[in-house]
Amino acid sequence: MNFEFRSSKLERGKGASSPFFVLRSNFVRRASLALAKRKENEEGVSAGLRRHGDRLKPVRTLFVLLCFATPLFAQQPPPAPAAAPTEPPPCSTCHEEAKQFITNPHARGAVTKGEVSNDACTPCHGDGTEHALSGGDKSKITVPRGVKGANETCLLCHDTTTNRISRKNGMHANSAAVNCLTCHSIHHSDPHQAHLVARPQLDLCGMCHTQSASFRNKPYRHRLDHGGMECSSCHEPHGRPGATVRSIAMIDPLQLTSAGEAPCLGCHTEKRGPFVFPHGANAIGDCTACHEVHGSVNPKQLKRATVWQVCIECHSPIANDTIGSQPPSFHNLNDPRYRNCTTCHVAIHGSNRDPQLLK
Amino acid sequence: MKREEVVLPAPLPSNLGPRTSNLLGAITVLVLSATTLAAQTPPFDIEAGFRFLDLKGSGDMYRTQINERSGFLIRSLTLAGNEGTFADFYRVDVSDLGVGPSGSLRVDLGKSNLYRFTLAYRQTNAFSALPAFANPLLDQGIVPGQHTYDRERRMIDADLEFDKWSTITPFIGFSWNKYSGPGTSTYTLGGDEFLLNSSLANRDAEIRAGASFNFSKFSGQLTEGWQTFRDHETLNLAPGAGTGNSSGTILGTPISASGISRDDHASGHTPYTNAYVTSQITNRVRLIGDYVRLSANSDSNEDENAAGSFVSFAISRLFAGLTDQISGDAHNNTWRGGLRAEIGLTDKIDLFADARREHRSLEGAALINDLFLQSVNFGGLDPRDVQTVINAHNSLERDEDVVSLSGSARSLGPFAVRAGASISDQDVTVTPDLAEIVVPGASQGGRFTRRVTSLDASGTWSHSGYSAEAWWRHDSADDPILRTDFLTRDRYRLRGGWNGLGNRIRLGVTAEESTPKNDRTGFDYSAKIRQLTADAEGAPAQIVRLRLSISRFRTDTSILYRHPETFATDTSIDIESGNSAEGGIAFTLTPVSFDASVLRFTNSGSNPFTLERIALRAISRLIHEHYGLTAEWNRDTYNEASPSYGDFRGDRIGIYLHYSR
């Protein structure tokens, strides 16, 4: 018999720390030593036997057997009485949500070999020992719900305050009508949405902000929830209500760029400028002077059905002191040639070459 | 031990295009690399396949509005886990990458107390070829208009923060935006407009670095960044466009071009600083200060050559060619700062006070050097070349000061209320260029001021599944700066909802109205924008979910304007009246799930049209526990009342393989 233990796991260095492995190794080691001794003894005994003849043979045999057999057949100590369970079983034993928590950002640091430990559950649900040992008594476990759940659970860790965000005082925070758990679902979030959002953003925001339905219903729109853009691409859902982040024209909490610019310029960078000859509406106001950002029935998401209407409502010299009531163009609007202002005034967002934005 | 090898996928078929192939290959490598980060096999979900398009009617309008084409597509991919070698959390999301038109890839990974890395990649195919937009030839049935483009926009945003220290968190970031591709445009020259082919390449890049800090009672962030851009556009006369848009003559001379070419360059850089500090003065008082400053500078150059038969009223001559060289530079200095105090009177009642100022100054100058070749006067005499040099300047300065005060009471049982007031003072000074062909005077340059006073209030109530919300805002101004600025504006919103039967049913109704006005003589500006929506969602059984939404909106605007050809005044009226109804059903008959929805939207008024949408989706797990098939059908039908150049019906059928583990 060769008791040299071959363990591919040991060779790979994995599993060597397993208690079971240690026990097995010790047992094998003791057995090996015993056998080695037996061989020595056998030789010694053989010499002696040769000296003393066969009278000691039964004794030797018995001795050897006892040396070898004792570790194997020594009477095991009686098993200790089973201790009362002090640690709860894993939450995943009963709760499917706990098994699926493996991808949840709240399980960070609590996952080992694909198993989620109870350490991931206790920060929000409390100590579940009594709950588990009582067979799932619901009164012995915390279930965060509504504004109380948001205040006492989410905001303990996620109470971020910056110049633009306030999770406690923000417009979507901390009231019975809307709070963290209105939009976020820890266990039943949409699997394709980040930040544990309960549903695709257009559906979620559209439950209350019905104007966002414009994105689905109108022909000229930013394509939301089709890759590339979401409501939070432009809006800051944790912002403060009525916060003036750029100008009075943009009072809604918006996702400004890192340079503090309007969110439009995060994508439409070619409109940023600076231009030698800026368009007044853009320079003094912003993109919403001419464009309807939440989807429009008009091409180019303009605020009017025809281009000339957008332009003429500002560029009308009616003896009033407003910017843009110049120049008094002499174009004949009855001629279709002049009803498309941007056919000539091409650089409508600003020009580096022509003060009349012709190129 | 043999090291695991990462096997790259075979090159994808070339008909997808090299960029798409490279991207999909990169995604695969990324996914496999992410997998090797994990000690265990992470959960993974992917849906990918092919989409077929069957299009009838205007392909230009379909692509302008929807732009879903035939091709390979990764509809969705999610890989997430919380166990790994180099990262203890990671998430990869892909949405609609491939034939597009829009797609995204997001990566978020990090290791606790060490680092966090986020990467967002987005791509969009921007297409526009509207039949009527910029189309003076529409009456002749020539479509599309003369301003079209078929361009790609690709964006990358990457940020890395170092979380090793508890009080300081340094970070670096990089953004990149490329917008490029062909298009058509027009150019007015010598008395007519000519169609040009355009090739555009815009590149914008930004690097940023900074740190967040958290020292006991003080926290904040400082970011220093630098944006650069480089724009290049070449334009050439389109084949067959030499006769221009206008068939007539000017002073008996037919206007035509035998060649037009233009090469435009612009570049610039913008360093910026963005900082904020919050300070918890006491348990109930917090101060927040923020500051942003950016200083943008740009340079531009243009070289243009044109040959043909043209007329110029500026120099009162006919000419046969033009050489144009323009160099310009522009500056934009903007800074914005504010201070905010948040006072918690009690645990549920807060007061907020905010003051901020923004200053923006724009300045531009251009040297415009034109050489009119082979010119003669209107009498056909005095042949010579004529050179003009214009040194154009303009500047604009804008200041805005805003002061606001508000209070909110949250969690008062089922109630939450908020009220606020603000004053905004705007001051704009414009300096026009006297060399422009305009009428000088107060209607152009000068100083314009405007004070806007705002009041707003809102309240919500939620109890036993019922909820209600009311919101009101009133703005009043003393003067307009732009003609379309309001003097008064009232906005209202009312919302009601009910969740019942154990959250199995949700009902909601929303009504909104906005009424901006300026009733001064010469303006008579009035607008009323209203929207009413009711929606319902229900799950009468575990396997069924229904949804229904009806919406009605109406916009009526009117403002006085002056006809440029007669100087007579008239009223510009715009009306939108839309009704939409949509419904959907989703149910599961294991192992198949179905989702169906329909939408009908009609708009009458200034731009009447009908839009219908049908979507069906079936997901099957018939193949295997981990594999499934998804089949999708989407139909969009668009019909304009008159003219019908833009009508289309687009059917998309998608077959996707779904794998999850």
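Colleague: What covers the buried residues of H7(A)?

Modeller: This is a predicted model, so keep that in mind throughout. The cover of the buried residues of H7(A) includes helix H5 (122–125) and helix H8 (180–183) of chain A. S16 of chain B is also part of that cover.

Colleague: Which residues of H7(A) are buried?

Modeller: Burial is a count of neighbours. A residue is buried because 20 or more other C-beta atoms lie within 10 Å of its own. In H7(A), Val147(A), Ala150(A), Asn151(A), Thr153(A) and Cys154(A) are buried.

Colleague: How far apart are the end C-alpha atoms of helix H7?

Modeller: Compare the span with that of a straight helix. Helix H7 of chain A covers residues 146–158 and has 13 residues. Its end C-alpha atoms are only 16 Å apart. At 1.5 Å a residue, a straight helix would reach 18 Å.

Colleague: Where is the kink in H7(A) centred?

Modeller: On Glu152(A), with a bend of about 30°.

Colleague: How many helices and strands are there in chain A?

Modeller: Chain A holds 13 helices and two strands. As for burial, 40% of its 359 residues count as buried. Next, look at sequence separation. Take the contacts in chain A between residues at least 6 apart in sequence: 43% of them join residues at least 24 apart.

Colleague: Which domains does the assignment give for chain A?

Modeller: The domain assignment lists domain 1 (8–72), domain 2 (146–222) and domain 3 (273–343). For a pair of domains, check centres and contacts. The C-alpha centres of domain 2 and domain 3 of chain A lie 36 Å apart. Eight residues of domain 2 of chain A are in contact with eight residues of domain 3 of chain A. On the domain 2 side, the touching residues divide into three nonpolar, three polar and two charged.

Colleague: Now the chain interface. How many residues of chain B are in contact with chain A?

Modeller: Count each side separately. Chain B brings 148 residues, in contact with 99 residues of chain A. Strand S16 (residues 384–412) gives the most to the chain B side, with 11 residues. By class, that side has 49 nonpolar, 61 polar and 38 charged residues.

Colleague: Which residues touch the most other members of the largest nonpolar core?

Modeller: The general idea comes before the case. In soluble globular proteins, nonpolar side chains tend to be buried together. Here the largest nonpolar core has 26 residues, and Ile284(A), Cys311(A) and Val428(B) touch the most other members. Among its suppliers, H12 and helix H13 (307–312) of chain A each give at least two residues, as do strand S17 (415–431) and strand S23 (544–562) of chain B. H13(A) provides the largest share, four residues.

Colleague: What is Val428(B) in contact with, leaving aside neighbours within four places in sequence?

Modeller: Ile284(A), from the other chain, plus Leu396(B), Arg398(B), Phe448(B) and Ile481(B).

Colleague: Is Arg398(B) buried or exposed?

Modeller: Apply the count. Arg398(B) counts as buried because it has 21 C-beta neighbours inside 10 Å. Arg398(B) lies in strand S16 of chain B. Leaving aside neighbours within four places in sequence, Arg398(B) is in contact with Ile284(A), Arg360(B) and Val428(B). For a distance to check on screen, Arg398(B) and Leu560(B) are 27 Å apart in space, C-alpha to C-alpha, and 162 residues apart in sequence.

Colleague: On to the backbone. Which peptide bonds are cis?

Modeller: Read omega. The bond from Gly273(A) to Pro274(A) is cis, with omega near 5°. Pro274(A) sits in the loop between helix H11 (264–267) and helix H12 (280–284) of chain A. The bond from Gly100(B) to Pro101(B) is also cis, with omega near 15°. Pro101(B) is in the loop between strand S3 (89–98) and strand S4 (102–111) of chain B.

Colleague: Which residues other than glycine have a positive phi?

Modeller: Leu251(B) has phi near 55°. Leu251(B) lies in the loop between strand S10 (249–250) and strand S11 (253–254) of chain B. Leu251(B) is exposed, with 12 other C-beta atoms within 10 Å. Gln374(B) has a positive phi of about 50°. Gln374(B) is placed in strand S15 (residues 349–377) of chain B. Gln374(B) is partly exposed, with 15 other C-beta atoms within 10 Å.

Terms used:
Residues are numbered from 1 along each chain as its sequence is written. Chains are lettered from A and ligands numbered from 1 in the order in which they are written. This is a predicted model: local features need pLDDT of at least 70, side-chain atom pairs count only at pLDDT 80 or more; totals for chains, interfaces and linings use all residues. Domain bounds come from an automatic or database domain assignment. Two residues are in contact if their C-beta atoms, placed from the backbone, lie within 7 Å. Ala, Val, Leu, Ile, Met, Phe, Trp, Tyr, Cys and Pro count as nonpolar, Asp, Glu, Lys and Arg as charged, and the others, Gly among them, as polar. The expected span of a helix is 1.5 Å times one less than its number of residues. The bend at a residue is the angle between axes fitted to the seven residues ending there and the seven starting there. A nonpolar core is a set of buried Ala, Val, Leu, Ile, Met, Phe, Trp, Tyr and Cys residues joined through C-beta atoms within 7 Å.
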